[in-house]
Amino acid sequence: MADERLQARLAELRREYAVGESRLRDLLQQESSLRETLLRISGAIQVLEELAAEPAPAPEPAQRAGEGDQPHVLTVP
């Protein structure tokens with residue numbers, strides 16, 4: 001009788017161990033995926049910070065109507 005209980009307990013522990021190993025593999029895969037995501041986000045933050053730090057280009061002076069433009073002729077049907 002004691003031998004049967006030992007064998008049953010051993011089988012139960014082996015099942016629990018296998019479930020634990022499987023769960024650990026899943027968690028490690030999730031960790032890896034999350035680290036890759038954080039790395040991409042970090043890169044995007046760095047790019048945006050660098051772009052924000054650059055001085056904005058000076059706007060080109062606006063052309064006044066008639067300066068350097070060819071006259072436009074409007075026709076009415």
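Me: Where do E12 and R9 lie, and how many residues apart are they?
Reply: Both E12 and R9 sit in helix α1 (residues 2-53), three residues apart, which is about one turn of the helix. A helix here is a DSSP run of H or I with at least four residues, numbered from the N terminus. One thing to keep in mind is that this is a predicted model, where local features need pLDDT of at least 70 and side-chain atom pairs count only at pLDDT 80 or more, while totals for chains, interfaces and linings use all residues. Residues are numbered from 1 along each chain as its sequence is written, and side-chain values use heavy atoms, with hydrogens and water left out.

Me: What do the side chains of E12 and R9 meet in?
Reply: They meet in a salt bridge, at 3.5 Å from N to O. The term means a side-chain nitrogen of Lys or Arg within 4 Å of a carboxyl oxygen of Asp or Glu.

Me: Why can side chains pair like that?
Reply: Side chains of opposite charge can pair when their charged atoms come close.

Me: How many salt bridges does the count come to?
Reply: Two. R35 also forms one with E31, and their closest N and O atoms are 3.0 Å apart. R35 and E31 are four residues apart in helix α1, so about one helical turn separates them.

Me: New topic: is R35 buried or exposed?
Reply: R35 is exposed, at 55% relative accessibility. E31 is partly exposed, at 35%. Buried means under 20% relative accessible area, exposed over 50%, and partly exposed in between (1.4 Å probe, protein chains only).

Me: And what share of the 77 residues counts as buried?
Reply: That comes to 0%.

Technical notes: Helices (H or I, at least four residues) and strands (E, at least two) are DSSP runs, numbered from the N terminus.
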